[in-house]
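Here is a short briefing on one protein model. Look at the sequence and the fold first, then read the notes by topic.

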Amino acid sequence: MRLPALLAAAVAALSALAGCSSDEPARPGVVTAGLQEPGTLLPADVDDQAGRFVTGALWTPLADYDPATGKLTPRAAASITSTDRVTWTVKLRPGMKFHDGSPVTAQSYVDTWRAIAGENWEVTPVLTKSLRAKQITAPDAATIRLVLDRPSSQVPAWLSAPGLVPMPASVLASHDWNGFARHPVGDGPFRLADGWAPGTGGTLLRVAPAGELATEVDLRVGDPVEQYDAVRDGSLDLVTSVPGERHEAMHTDFADRHTTWPLPEAGYLVFPTADPRFADAAVRHAFALAVDRSALEAGPLAHQVDLAHALLPPADAPGERTGTCRPCSFDAAAAKSLLGQSGFTGPTTVYFDPGAGQWTRPLAAGLTTALGVPVTAAQRPDGQTDGPSTVDLNLASASPADLLSALASASGYSDAGFEQDLAAAESASTAAEAGQLYRVAENQLLRDLPVAPLWTGHGHAVWSPRLHDVTAAAFSGIDLARLSV
């Protein structure tokens, strides 16, 4: 009598284990995706990977722009053209609608950009500091006309910024930005059903059926470690971040079902060039050579970054990139020798913004060891600092002009030749010419080194065997619209 009982117990145990492998049977066309909590779903203010992932499905940008080639791929725009690089004309695709049924017109963009320019959102500087249009008008429902205050070849890159997508007239009239972030209404391939539930997630529904492509995406906010394990065990289809403790296992667990892509994020060590102690470029080069970037990547940055190999990150870098970056390498002996020759004496402090202390403190400790001078870390105070600072930058557009200008400004660097190179690059008549001139400006910053490149961000994703055609882009992450099930 004991054998049947043992068999029954074994069957029950196997059934329980099988039940743990999946929360529910997979539904045709439905994808379950894990992500961390987005900072916001207001597209003009998004600065994190999770936010870009969701808003990238809810909105369609005017175009995609590849900074490496200068290639423009129209999306919501049918074309973005100019004959003199001062007056630009954007023609919209016909028939576009917001998810609430209202039409997307040229005036939708004009009114949205007016609202963005009046706020302090992440993408606001693209309009107010970069584009600097004297006039933005809508001559008709399908045409946006921009008149700049100088010739610029960078308009396609700026207008491709994902934060410059339109918002419907209802929120532009109410100014209820917080409410809109909870119930965003876009014009993209997916709409958000029932709004966003913080800490839980939401459901994306495809606006128009598309064969074997995903028709519904169940977005689940959760712990990245648990979500990684859930994809591996079969109870989740996709996770959009891989924690450091699973980084090595990813290559075995998901040999042909994982991907990485560059993010529009980068970290720098910014020197106060007006401070007499850091006015000598030799001192700045010594500090740059003393940074053990590999130790930061494997330690406090938890394999979420790549070591910097240039001043501009891959998401923002024009043209061919075979040149070497000597200040990007770690050479403690050369750093200590160079600092000794400069006559620099310690101690000094490296300052950081909130959230960056976890990797700045180890950086400062490594500088102390490599340079032989005391280097401490402290949160950046209000006002002027007396030492270098670490800076995490999130890029709002794919134009190298924005980042190069921001880096020079952050350090107080001023040079007539550098400014002339930036101006010449911006007014260049071809993408190839602009890319060459931006590389000249980048090389000058690497020579004078007001800022030292440290790392560039990258995204990870792993997925189940159910999914196919998984692709990712720097500013939008995983492309849910192309995902097939």
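This is a predicted model: local features need pLDDT of at least 70, side-chain atom pairs count only at pLDDT 80 or more; totals for chains, interfaces and linings use all residues.

Residues are numbered from 1 along each chain as its sequence is written, and side-chain values use heavy atoms, with hydrogens and water left out.

**Nonpolar cores**

- A nonpolar core here is a set of buried Ala, Val, Leu, Ile, Met, Phe, Trp, Tyr and Cys residues joined through side-chain atoms within 4.5 Å.
- Buried means under 20% relative accessible area, exposed means over 50%, and partly exposed lies in between (1.4 Å probe, protein chains only).
- The largest nonpolar core has 131 residues, and W113, F287 and L480 touch the most other members.
- A second, separate core has nine residues, including Y228, A230, V231 and V242.
- Which residues does W113 contact, leaving aside neighbours within four places in sequence? They are L62, L127, I136, I144, L146, L159 and L164, where contact means heavy atoms within 4.5 Å.

**Helix pair α10 and α12**

- Helices (H or I, at least four residues) and strands (E, at least two) are DSSP runs, numbered from the N terminus.
- Helix α10 (residues 281-289) packs on helix α12 (residues 332-342) at an angle of about 155°, and their axes are 8 Å apart.
- Axes are lines fitted to C-alpha atoms, for helices over the stretch in contact, and angles run from 0 to 180 degrees between N-to-C directions.
- α10 and α12 are therefore roughly antiparallel; that label applies over 145 degrees, with under 35 roughly parallel, 65 to 115 roughly perpendicular and the rest oblique.
- The α10 and α12 crossing is left-handed, meaning that the near helix is turned anticlockwise from the far one by less than a right angle; clockwise would be right-handed.
- From α10, A282, V283, H285, A286, F287 and L289 meet A332, A334, A335, L338, L339 and S342 of α12.
- By class, this contact of α10 with α12 has 10 nonpolar, two polar and no charged residues.
- Ala, Val, Leu, Ile, Met, Phe, Trp, Tyr, Cys and Pro count as nonpolar, Asp, Glu, Lys and Arg as charged, and the others, Gly among them, as polar.

**Helix pair α15 and α16**

- Helix α15 (residues 416-426) and helix α16 (residues 431-448) pack at about 160°, with axes 8 Å apart.
- α15 and α16 are therefore roughly antiparallel, and their crossing is left-handed.
- G417, F418, D421, L422, A424, A425 and E426 of α15 meet A434, L437, Y438, V440, A441, Q444 and L445 of α16.
- The contact of α15 with α16 divides into 10 nonpolar, two polar and two charged residues.
- D448 lies in α16 and is buried, at 16% relative accessible area.
- Not counting residues up to four places away in sequence, D448 touches A281, R284 and Y413.

**Helix α4**

- In helix α4 (residues 124-131), the buried residues are T124, V126, L127, S130 and L131.
- These buried residues of α4 pack against α3 (106-117), β6 (133-140), β7 (143-148), α5 (155-159) and α14 (400-411).
- R132 follows α4 and has a positive phi, near 50°.

**A365 and G372**

- A365 is in helix α13 (residues 357-371) and is partly exposed, at 44% relative accessible area.
- G372 sits in the loop between α13 and β15 (375-379) and is exposed, at 51%.
- G372 touches K336 and L367, not counting residues up to four places away in sequence.
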